[in-house]
Amino acid sequence: MDPSCVFSPGNVAALLQLLLFGGVIGLYFPQKEYTETVYVGQPAGTPILQVHAMLDSRSERPHFYLCGGRRPVFSLWFQMDVQTGELSLSKILDETDFASLYQNSWPAKRLSLQVMALNNFSKRAACISRNSAHITLDFVNASIPQCAQTDMKELCFPHRDTSNPHIIENRFPGVLRQLRRLTRLSVCPNYTISYSVESETPAPFAVNGNTSELVVTAPLDREESENYRLLLACTVQTETVITKVETSLDVFVDDEDDNVPYVNGTDTVDVVISFNRTKGAAFGALFVFDRDLTTLFPKDLSQNRYVGTLLNSEPWIKDTFDIKGTFSERRAAPGGIRESVYDYQLILKRNLEITENLSVYLDYLVNDTTYPGLEGTVLLHFNVTILPVQIYFTNITHVFTLSRKASVYAQVGRICVENCLEFDGFSVTYQLEVPDKNISAEMLSCYSAISITQAPDRMLGLLYVNNSHALSKPGCQDLEYTVVAQEEHTQLMTSTQIRILLHGEANVSQESQQLLSCAENKQRDECESSQGLGATTGTCEWRQGSEKGISENYSTCSPDLRTCPDSVCDAVESKDTSICPQDCTTESVTGGHERGLSGSGIRAGYGTCYCFSEKCFCEIADAEDVVSKN
């Protein structure tokens, strides 16, 4: 069918798009793979199959050639009609031809050919992947089946044809496939075979009744439909019966850059940078949409490449900020057409000092470089405010209570400057100081009872018992300290007072024995009567699990159930793994368990979990077993 005959006044918009966006690709094969079967004894001139190339402009006239560098000998058995794209036999095939193919001993051998479509005549065509298609022929060492032995579906459709056509949107309509099996034209000469095409939704496809060719009748628009599910019907009429054979065919519409990028809402975002000042931090979000599928263009076609440019030229801005675009796809509605989405965010290229305080306005140009019109850009605006961070304590004084029976490494409490848990990109260190450095040596020994250590995130200070012997001295009463917090880069500092209120009587037995790990105890009674490292009351605490199987609430003996186990090996616990191996062990664990998120400790365990040194076990203890049996 002549492509010039398929346009109607209703296709004016499609024609305008074709003229605007066409003329770049050139001739192309809508079907890249062809398959057919040839047999011994078929005479010279027998048609095998027909290839088709679709046009990019009215002036194009495809010329078809078998192509390749060192073409195999068997390629001489075939000839390609330059004008029609029909492949036929140039000689009669016989058994000696079959025997000359040293592939294998199978009854069928596979032949591969390449065909190329050019817009002009050529004496020798070298294959170019963009303009070539692959032909696979199964050469059978037998005569072609006669009409009585031919299945109706085999008569109508190739049995191995799984190639689905791809049509580029906005291109000229035309023939995309020959439906008739040309190798079967002479098998059943008394049969009348015709084809038709149907679709559940309106589709611009038809069958040329004279040539049995499937035709696309209008330019396609991928943004209207990405693919068409066609039902091909083959009607075979004999003298006595009419048989209808059907098969489905998916026609895919390939995308091209024919839509401008746009913002759906706002092109401006206000960004406030305060506590998170770390390199790589992302702020704000502006979305740019494109109805084209940016990343799914065929590799041999022009690519829709987005290029972003920060328009601010100040060196400080370029050293501090970057804009990062992240690509994704979305469907505007369930089952709808896919489109591209770019999420643009402001990225810090360096850590910001906590004293930096300013406002800056960034302009970022997004350019769809392959869009052929003048509207392929979007300008985004990031209004950035950097606020300084103040280092201070909310309370002038912090009060903690502590038992005189507390063991070494017992945790007293935590100290934190205001908003410290939100800090990122800088750190705060904490130091413990005695308010009066002129006190007596005896009183100074009292103050050795408490120390402070830095949490792994370098934001918190953890107070813990450093010298349990000092707690037992009658002369050591309530203790007062000064905690100094200092930011690492600017050296800005602040301070607060803490009071440690001691209560109860001292645990004198701690002084004469070496404390073991609470985690060694497997039973409640022995746990609660034992002293251990890190015990806040001097004796260990028991946690009774109630769930079956592997559970986060497993039974275990702990020095302080507030912090152990909690799946975090904190700065105090890491000073000695015997304090809380449930959080800190890096050794293998015997029995059913799950490791902590950092790879250390026991996040979940089976039954009771206990440890000797760093070697831990999770199992049903004897007492638990008796209870469960009862």
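**Close-up views of disulfides and nonpolar cores**

Cys416 is partly exposed, with a relative accessible area of 27%. This value, like the others in these legends, comes from a predicted model.

**Figure 1. The disulfide between Cys416 and Cys420.** The two sulfur atoms lie 1.6 Å apart. Because the torsion about the S-S bond is about -115 degrees, the link of Cys416 and Cys420 is left-handed. Whereas Cys416 is partly exposed, Cys420 has a relative accessibility of 1% and therefore counts as buried.

**Figure 2. The disulfide that joins Cys569 to Cys584.** The S to S distance in this pair is 2.0 Å. With 100 degrees about the S-S bond, the link of Cys569 and Cys584 is right-handed. Distant parts of the chain are linked here, the two cysteines being 15 residues apart. Cys569 belongs to the loop between strand S31 (556-558) and helix H8 (581-584), and Cys584 to helix H8 itself. The relative accessible area of Cys569 is 25%, so this residue is partly exposed; Cys584, at 5%, counts as buried.

**Figure 3. The disulfide formed by Cys156 and Cys234.** This link is one of 10 disulfides in the structure. The sulfur atoms of Cys156 and Cys234 are 2.0 Å apart, and the value about the S-S bond is -65 degrees, a left-handed link. The pair connects distant parts of the chain, 78 residues apart: Cys156 lies in helix H3 (residues 152-156) and Cys234 in strand S13 (residues 227-237). Cys156 has a relative accessibility of 0% and so counts as buried. Cys234 is likewise buried, because its relative accessible area is 0%.

**Figure 4. The largest nonpolar core, with 37 residues.** The members that touch the most other members are Leu402, Phe423, Tyr430, Ile450 and Ile500. Strand S27 (residues 479-487) contributes the most to this core, giving 4 residues. A second core of 29 residues is separate and includes Leu179, Tyr228, Leu230 and Leu232. In soluble globular proteins, nonpolar side chains tend to be buried together.

**Figure 5. The surroundings of Ile450.** Neighbours within four places in sequence are left aside in this view. The contacts of Ile450 then comprise Leu402, Val412, Leu432, Leu463, Tyr464, Val465, Asn466, Leu479, Tyr481 and Ile500. Leu402 and Ile500, both in this list, are also among the residues of the largest nonpolar core that touch the most other members.

Technical notes:
Residues numbered from 1 in each chain as written. Predicted model: local features only at pLDDT ≥ 70, side-chain atom pairs only at ≥ 80, totals over all residues. Heavy atoms only, no water. Core = buried A, V, L, I, M, F, W, Y, C linked by side-chain atoms within 4.5 Å. Buried < 20%, exposed > 50% of the residue type's maximum accessible area, 1.4 Å probe, protein only. Contact = heavy atoms within 4.5 Å. Disulfide = S-S within 2.5 Å.
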